[in-house]
Amino acid sequence: MKAILTGGTGFIGRYVVAELLKSGANVTVLTSSPSSMPFHNSSVKTITAGYQFKELAQRLSGKTYDIFYHLGWAGVSGKEKNNIPLQLSNIETSLDMLRLSKYLKCKLFLAAGTVAEYVYNECVIDFSRKQTPIDIYGATKTSVHYLLEAVAAQLGQDMIWTVLPSTYGEGRTEDNILTYTITTLLDGKYPVYGNLQSNWDFVYVSDVAKAIIKIGEKGRHNITYGIGSGTHKTLREYVLTIRDMINPSLPLGIGEKTPPPERKISSPGIMPSSCINIEPLTRDTGWKPEIPFEEGIQKTIQYYETKRKR
């Protein structure tokens, strides 16, 4: 199989490339930063360029591929999530990559969404319901989803939208509540939180990568698939598990952080959540998560411990 992808040098993308190589695929990674390319494998080709259709079409003239994974996205953490010009630039990039997939005769264009599209839901996200993003990042992903579907239909290009979960594991640089808890406790500092009552779902990065590949291989075209663990806990439970693995005697400032003003939404009283029904994904592709949270978070803690000692 011949695969081409954006975001191959990112946290999840590196694991996707590694899994593709295990399956014997030839992989082409589009990147704007060759120095960050972590692979030294003859089956991986790196193309350094901007993400514009015209330039890449010229560079790849005469080439064909089986599948295009569009995982790249600028501004996925911190203040960049609300950088409107940066987030809007992702729309043009995504549409150009869809056009490129058609030009390269790809059988499928697989694009990555996010649970940030569905922040306020009843416990398990229903993808048929209205999205409820609370930042520009989530809103832009929502917009891109529908734009890609409309343009894919015009081009006659099969596509799949997959909603990626809150992902953790070795190599993550973007901060989330898990990395914040781990790094703060390992540094001997005192972590402070809100009430941590929201239900959440975290998935180990290698499981997410394997799910993406399974969706590409067996997913039904023009369907939205959510990737999850199939279970969920409160954020408090996750934080306590991490603390107990590092040192059960360490104090935690749960409930000491002032929550942000409540967002006015159509269903007031619904707490933020991130829990995904994986039955459609399992039914269509056979994928199931392999790494339980306790195992994955122990590997992650060890990664950050090693990193601190360097």
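1. A word on charges before anything else: Lys and Arg count as positive here and Asp and Glu as negative, while His and the chain ends are not counted. On that basis the protein carries 35 positive and 29 negative side chains. The centres of the two sets sit 5 Å apart. Keep in mind that this is a predicted model.

2. A compact globule of 310 residues would have a radius of gyration near 19 Å, and the protein comes out at 20 Å, so the two agree. Along the principal axes, the C-alpha atoms fill a box of roughly 60 × 50 × 40 Å.

3. The fold is made up of nine helices and 11 strands. As for how the chain meets itself, take the contacts between residues at least 6 apart in sequence: 76% of them join residues at least 24 apart.

4. Of the 310 residues, 49% count as buried. The protein exposes about 14500 Å², and 51% of that comes from carbon and sulfur atoms.

5. Which residues does Ile 177 contact, leaving aside its neighbours within four places in sequence? They are Tyr 193, Leu 196, Phe 202, Leu 235 and Val 239.

6. Looking back along the chain from there, Ser 166 lies 11 residues away from Ile 177 in sequence. The C-alpha atoms of this pair are separated by 9.9 Å.

Technical notes: Residues numbered from 1 in each chain as written. Predicted model: local features only at pLDDT ≥ 70, side-chain atom pairs only at ≥ 80, totals over all residues. Heavy atoms only, no water. Helix = DSSP H or I, 4+ residues; strand = E, 2+ residues; numbered from the N terminus. Rg over C-alpha atoms; globule rule 2.2 N^0.38 Å. Buried < 20%, exposed > 50% of the residue type's maximum accessible area, 1.4 Å probe, protein only. Contact = heavy atoms within 4.5 Å. Areas by Shrake-Rupley, 256 points an atom, 1.4 Å probe, with all protein chains shown as cover. Charge placed at Lys NZ, Arg CZ, Asp CG, Glu CD.
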